[in-house]
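Biologist: I have a model open on my screen and would like to learn how to read it. Could you walk me through it, one feature at a time?

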Amino acid sequence: MQPSLAILLISVLLAIVSFVIGYLVCKTILDAKLSKAKHTADDIVESAKKQAETSKKEALLDAKEEIQKMKEKADSEVAEKKRDLTSLEQRVVSREETVDRRILNLEKREAVLERKDEDILRKESALKDREGKVDELIKKQKDKLIELEEKQEEKLLEVARLSHETARSIVLKTTEQELEYEVSKYVKEAEEKAKLEAGKKAKNILVTAIQRYAAEQTNDYSITVVNLPTDEMKGRIIGREGRNIRSLEALTGVDVIVDETPEAVLLSCFDPVRREIARLTLEILISDGRIHPARIEEVVDKTREELDAKMVEIAENAVFDLGIGRMHKDLIRILGRLHYRTSYGQNVLKHSMEVAYLSGMIAAEVGEDERLARRAGLLHDIGKAVDHELEGSHVEIGVELAYKYKENETVIDAIASHHGDVEAKSLIAVIVAAADALSAGRPGARSESLENYMKRLEKLEAIASEFYGVQRAFAIQAGREIRIAVLPNKLDDAKTHKLAREVRKKIEAELNYPGNIKVTVIRETRVVEIAK
């Protein structure tokens with residue numbers, strides 16, 4: 001039993017030793033792994049710290065760059081606002097200076113008027129004193145004449161031994177002759193003085209009316225500038241092989257000039273209505289973006305209708321501003337056409353409104369109906385709106401229109417007599433004629449060269465429109481070219497050549513012009529089908 005126990009003890013000891021050794025080995029291995037893991041963790045933490053530091057620095061740099069950008073933007077906005085404020089301050093200062101100048105002018109005018117009023121009062125006082133002296137003188141003369149009459153009567157009775165009645169008749173006749181001479185002399189002096197005073201009063205009234213009415217200078221041009229968003233739009237306006245620009249020119253009768261002017265095209269035409277239609281059409285096409293011949297034709301037709309409505313609105317505003325009451329709607333439509341009619345470069349509607357204002361001011365000064373005078377002044381040139389469509393002068397046409405729409409007799413009289421064709425029957429007609437002369441004669445009101453230029457272009461179009469088969473005729477290039485659109489079902493290609501030659505011959509025979517005039521006849525056939 002002893003050996004077995006020893007072996008058991010040895011086994012137990014060996015097991016314990018093995019366990020201890022295994023434990024120590026495992027502990028050593030675990031410590032080594034733990035140390036390695038700790039080192040790895042430390043490396044990871046250190047790497048994370050480095051990455052965090054790097055990210056922090058990058059974020060700070062990004063933030064600094066963003067702050068710098070925001071600061072630059074804020075500085076730019078502040079500078080721009082400073083410039084705007086400076087510009088605004090300059091405009092305010094300029095307006096203040098203008099207002100100050102106007103106030104100074106008004107004060108000067110007020111002082112002048114006050115001096116004139118004082119002069120008038122002094123003259124009235126002097127005139128009253130003179131009238132008193134004249135009455136006293138007349139009374140003395142009458143007393144002397146009565147005394148002389150009595151003396152002559154006594155002397156005649158003594159010398160001639162005439163009867164009392166005979167002597168009285170002789171003395172009365174002599175006295176009557178002397179009184180007639182004195183009265184005639186006094187009446188003549190009074191008439192001359194009255195004429196002088198009336199002339200001064202009339203000049204004062206006219207000068208006051210002109211000073212109270214500040215009118216514009218005539219500034220009519222034959223060219224309109226249309227601004228473009230980009231220069232690329234010029235190519236779209238021209239179109240493929242120029243079809244868009246040709247279509248626009250043919251439909252409006254306006255010469256479209258596309259040159260090197262940046263972001264702009266020019267519209268040239270002597271007729272302001274056509275030029276306005278072309279301008280509105282181009283603006284609509286540019287904003288819409290669809291530019292092709294069919295669209296151009298559609299927009300031109302629509303623009304013409306809108307322009308007719310606009311002219312009616314302009315005339316209604318003119319009637320309202322003048323405060324002359326209601327007017328027949330057809331007469332208002334005709335009146336609106338004067339907005340696009342010029343006379344010697346002067347806009348006829350503005351001229352008519354100017355005459356209306358001046359007529360009202362003068363009528364108020366002389367005690368006439370101011371409202372009726374304004375109405376007569378506004379309608380005095382109404383015939384010019386349709387004088388190219390009807391036969392007769394604009395005065396005759398205006399009188400017919402006034403009769404047709406049952407205007408006041410005074411208005412008709414003013415229309416008929418404002419150029420002296422007939423004698424004026426009312427004071428308002430004389431006032432309108434004077435206001436018309438003032439409006440036409442003031443500096444900058446009219447330009448005769450522009451009127452002659454427009455008449456020449458109108459004559460050129462009229463010559464071309466007289467021929468058979470002509471649909472429309474447009475004078476372009478400042479009258480250096482006439483474009484004639486013919487009806488394709490009326491004239492064939494061979495007849496268009498003949499038409500061009502006949503128009504050329506008639507222009508050479510009837511029209512005086514510098515240089516050359518190009519005659520272009522356009523014949524176009526369109527066939528349209530709609531697929532449904």
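**The sheet**

Modeller: Let's begin with three strands that form an open sheet in the order S1-S3-S2, with antiparallel pairing. The edge strands are S1 (223-227) and S2 (255-257), each of which pairs on one side only. From one strand to the next, the twist averages 25 degrees. This is a predicted model, where local features need pLDDT of at least 70 and side-chain atom pairs count only at pLDDT 80 or more, while totals for chains, interfaces and linings use all residues. Residues are numbered from 1 along each chain as its sequence is written, and side-chain values use heavy atoms, with hydrogens and water left out.

Biologist: What makes two strands a pair, and over how many bridges do S2 and S3 pair?

Modeller: Strands of a sheet pair through backbone hydrogen bonds, either parallel or antiparallel. Here two strands pair if DSSP finds at least two bridges between them. Strands (E, at least two residues) and helices (H or I, at least four) are DSSP runs, numbered from the N terminus. S2 and S3 (residues 264-268) are antiparallel partners over three bridges, and Ile-257 stands opposite Leu-266 in S3.

Biologist: Which strands does H5 lie across?

Modeller: H5 lies across S1 and S3, and runs at about 5 degrees to S1. Axes are lines fitted to C-alpha atoms, for helices over the stretch in contact, and angles run from 0 to 180 degrees between N-to-C directions. Contact means heavy atoms within 4.5 Å.

Biologist: Where does Glu-263 sit, and is this residue buried or exposed, or in between?

Modeller: Glu-263 is in the loop between S2 and S3. Its phi is near 55 degrees, a positive value in a residue other than glycine. Buried means under 20% relative accessible area, exposed over 50%, and partly exposed in between (1.4 Å probe, protein chains only). Glu-263 counts as partly exposed because its relative accessibility is 39%. Lys-406 also has a positive phi, about 55 degrees, although it is not a glycine. Lys-406 lies in the loop between H10 and H11 (409-417), and at 75% relative accessibility Lys-406 counts as exposed.

Biologist: Now to the helices. Which residues of H7 are buried?

Modeller: In H7 (residues 329-336), Leu-331, Ile-332, Ile-334, Leu-335 and Gly-336 are buried. These buried residues pack against H6 (293-322), H8 (348-366), H9 (370-379) and H10 (394-404).

Biologist: Why does Arg-374 count as buried?

Modeller: Arg-374, which lies in H9, counts as buried because its relative accessibility is 18%. Leaving aside residues up to four places away in sequence, Arg-374 touches Leu-322, Ile-324, Ala-356, Tyr-357 and Gly-360.

Biologist: How many cavities of 30 Å³ or more does a search of the whole structure find?

Modeller: The search finds two. On a 1 Å grid over the protein atoms alone, a cavity is a set of points where a 1.4 Å probe fits but cannot get out, and lining residues have an atom within 4 Å of a point. The second largest cavity holds about 40 Å³ of space. Its lining includes Ile-237, Asn-244, Leu-282 and Ile-296. H4 (243-252) and H5 (272-288) are the elements that give two or more residues to this lining, and H4 gives the most, with three.

Biologist: And the chain as a whole: how many helices and strands does it have?

Modeller: The chain has 14 helices and eight strands. Of its 532 residues, 30% count as buried.

Notes. On a 1 Å grid over the protein atoms alone, a cavity is a set of points where a 1.4 Å probe fits but cannot get out, and a pocket is an open set with protein on both sides within 12 Å along at least five of seven lines; lining residues have an atom within 4 Å of a point. Grid points are joined across faces, edges and corners, and a volume is the space filled by probe spheres set on the points.
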